[in-house]
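Thank you for making the time this morning. I would like to talk through how the strands pair in this protein, and then stop at a single side chain.

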Amino acid sequence: MPFFPVRRGARLRPLAIAICSIVSSFDYAYAADGSESEAVDLPAIEIRSKRSHYDPRPASISTATKTDSDPHDVPQTINSIKVEDIASYGGRTLADALRGVPGVSNASDTRFDSFRIRGFSSAGDVFLDGVRDDAQYVRSLGNIERVEVLKGPAAVLYGRGSGGGVINRISKQPGHDVQSSVSLTAGSYSQIGAAVDINQVLSEEWAMRVNAGREHGNSFRDGVNSSRQYLAPSLKWDDGRTSWLLQTELSEYDRTPDRGMPAGRRGSSSATYSYYLPPAAIGTTYGVPSRDYIKDSNLYLRSTLEHKFDQDWKLRYVLSMLSLNSIFDNTYANNWTADNKSVSRVRWQQNLHQRNWQNNLELEGRFDTGPVRHEMLAGVEYSVVRRQPTLYTIASNDVALLNPSKAAGSSSQPGLFSSSLHRADGIALYAQDQMTFSPEWKVLLGLRWDRFAADSTSRPTSRNSFNRVERTTSALSPRVGVVWSPLVDHSIYASYSKSFIPSGGADTVNLDTGTSTVSNNSLSPQFSRQFEVGVKSDWLDKKISSTLSVFQLDLYNRRTQIQRDPSLFIVNGLERNRGVELALNGQVANNWFIRSGFTIQRARIVEAPRCATCTIPALQGKRSTGVSSANGSVFVSFAPAQGFFSELGLVYEGSRYADVANQFDLPAYTRWDGKVGYRLPKVELTFAVTNLTNRRYYDTSTSLTQIMPGSPRSGFLSAVYKF
């Protein structure tokens with residue numbers, strides 16, 4: 001019987017059922033006519049329908065193991081976010097997608113994305129289809145299908161990282177069963193946009209997809225506006241044995257920089273200073289909107305070639321290139337004047353060019369050794385990063401704290417602050433084995449070796465002087481996990497994993513070429529380790545899934561940049577986060593769904609040697625900056641295939657300290673969001689509102705002078721035509 005590869009399971013299911021019925025009827029008739037036996041034992045056939053499109057649970061995940069795995073077989077916590085859910089509320093950035101994800105705090109700057117996962121900074125732990133994307137820019141969701149967040153160290157698969165976790169965006173790809181769509185959007189503050197997602201099957205082997213969009217909008221913040229556009233064509237060839245996927249994405253994001261608002265300050269000296277919530281109106285900005293701007297232009301190229309040797313073994317080669325150009329001119333408040341009624345400002349200009357190349361060659365296969373089933377992954381990775389920032393700066397005029405002037409002040413041009421070239425070359429070997437000893441017992445083992453070489457050359461204000469620093473770090477990163485399933489629908493797991501951050505390879509590739517009191521380069525690599533145990537369960541005939549996990553995550557030998565002296569770094573010693581996380585997702589009743597998650601955590605600096613040469617408070621016992629003690633979200637939706645639909649949910653964020661010395665904390669808040677709409681076979685209309693109660697809250701902070709208020713109540717209308 002010839003073998004026909006099947007790629008469209010949903011469409012062929014009725015045909016398969018019909019064939020099985022015909023064959024079964026034939027066998028039964030043959031036996032009844034007096035053949036070799038009078039009774040034939042027919043094989044049991046279980047027909048299980050696919051989950052609803054609106055079920056928030058993924059059928060499989062890839063970020064945790066780099067293979068398509070059942071979430072129950074992964075001995076770590078992982079969250080999966082459908083971008084479709086976020087886009088219906090007007091969310092367009094990665095920060096929007098991660099709002100309300102338990103254990104994730106937004107620490108983004110106006111220039112780039114930054115997050116804290118389980119208490120630790122993860123600005124450099126962002127990936128696209130498993131490829132590192134550590135450039136400094138604000139990421140769009142226009143060409144993204146879903147976002148997966150793996151909690152805890154992931155160096156065994158992805159290399160260097162903070163240890164809090166990794167954020168992996170899964171891009172849209174062409175296929176034989178992908179719908180095309182056209183959408184129009186409009187919302188509060190003059191938001192307007194349009195997007196197309198065209199999927200075209202060219203032949204049995206070829207398919208292509210084009211995503212494109214453009215949008216513009218103002219803001220509740222005075223003088224702040226933005227425009228974004230993207231074009232992402234992709235082409236795929238698949239003959240059932242060999243496949244090749246070529247993806248390209250070109251995007252631009254032009255916006256007014258907005259670093260938020262300074263807190264109020266009382267006192268006349270550092271010994272008596274106290275801080276309180278920003279006293280100005282939430283729309284108050286402190287820059288020069290008529291002059292300030294940021295523009296990110298980036299180009300992605302990715303090629304994925306995969307060849308199946310047989311049903312068990314395949315080889316995959318991924319080549320990826322990212323090119324980023326980011327320029328800005330930004331004036332912002334950076335300190336208070338002596339009377340605490342005004343703030344001083346500084347103006348910065350940047351011209352940044354970065355190019356990343358990454359090569360991954362992976363062998364994936366399955367085999368048995370006696371009763372043990374192995375699913376192996378072995379790979380080699382080579383990466384090259386070239387990052388070239390040029391910075392200019394000048395002091396700007398002071399403005400009032402409550403009613404700041406938007407005038408540019410002095411007409412003097414900023415002078416050269418630094419011109420640098422940062423280079424990094426990484427090579428790694430890694431292997432992973434997912435072993436199944438029985439239906440009840442599974443073990444995951446992994447090990448990775450990394451060599452990371454960083455090289456920075458900097459030209460400070462003098463054009464005739466150059467400083468150069470080189471550092472090379474090698475590290476082994478292990479991972480061990482056990483899954484025990486004493487009952488069919490319940491799995492108990494335990495895991496240990498470890499990660500490292502080399503010199504020059506933290507959030508961005510960058511070695512310190514200055515003359516700081518304690519050089520960042522002279523400090524040894526940072527390491528993180530996590531112990532996690534948990535239970536993953538299915539309920540109500542697998543309609544609801546839950547995950548309950550308990551973890552301890554340690555970051556030791558951690559460096560801290562001192563806010564009052566940005567050139568000074570100290571070693572904290574040990575920073576620890578202990579917590580409990582619970583998630584509940586699935587279908588609670590006919591057409592009723594829930595997506596939810598909540599975490600309680602205690603992130604603290606456990607050991608911190610006192611800096612003998614600087615005037616900072618002791619850090620030992622302080623809470624980790626920007627990390628709330630509890631956060632999460634709950635959304636309940638009524639989502640039939642057609643007709644009226646609705647959703648109501650809340651996002652909760654606990655209080656967070658804005659500075660390392662814990663002098664000021666942002667209050668906790670609860671934000672209610674909701675949407676209603678109507679679905680026809682090809683048309684979907686949605687009206688969504690965020691912050692239904694119009695609550696005043698503060699979303700993020702990057703320092704005591706940069707606190708970002710949350711948006712007031714906002715409406716968003718979208719119309720989608722699918723074909």
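Before I name any pair, let me say that two strands count as paired if DSSP finds at least two bridges between them, and that strands (E, at least two residues) are DSSP runs, numbered from the N terminus. Please keep in mind that this is a predicted model, in which local features need pLDDT of at least 70 and side-chain atom pairs count only at pLDDT 80 or more, while totals for chains, interfaces and linings use all residues. Residues are numbered from 1 along each chain as its sequence is written, and side-chain values use heavy atoms, with hydrogens and water left out.

Let me begin with strand E18 (residues 342-369) and strand E19 (residues 372-400), which are joined by 27 bridges and run antiparallel. Within this pairing, Trp357 has Val384 of E19 as its bridge partner. The two strands make a hairpin with two residues between them, and Gly370 in that turn has a positive phi of about 65°. On to the next partner: E19 also pairs with strand E20 (residues 415-436), again in the antiparallel sense, over 19 bridges, and there Tyr392 stands opposite Leu416.

Now to the side chain I promised, Thr242, which is found in strand E13. Is Thr242 buried or exposed? Thr242 is buried, because its relative accessible area is 17%, where buried means under 20%, exposed over 50% and partly exposed in between, with a 1.4 Å probe and protein chains only. Counting contact as heavy atoms within 4.5 Å, and leaving aside residues up to four places away in sequence, Thr242 touches Trp237, Leu305, Glu306 and His307.

Finally, there is an open sheet of five strands, in the order E1-E7-E8-E5-E6, with mixed pairing. Strand E1 (78-82) and strand E6 (131-132) stand at its edges with a single partner strand each, so one side of each is left without a neighbour in the sheet. Inside that order, strand E5 (residues 126-128) pairs with strand E8 (residues 165-171) in the parallel sense over three bridges, with Val126 opposite Ile167 in E8.

Terms used. Helix = DSSP H or I, 4+ residues; strand = E, 2+ residues; numbered from the N terminus.
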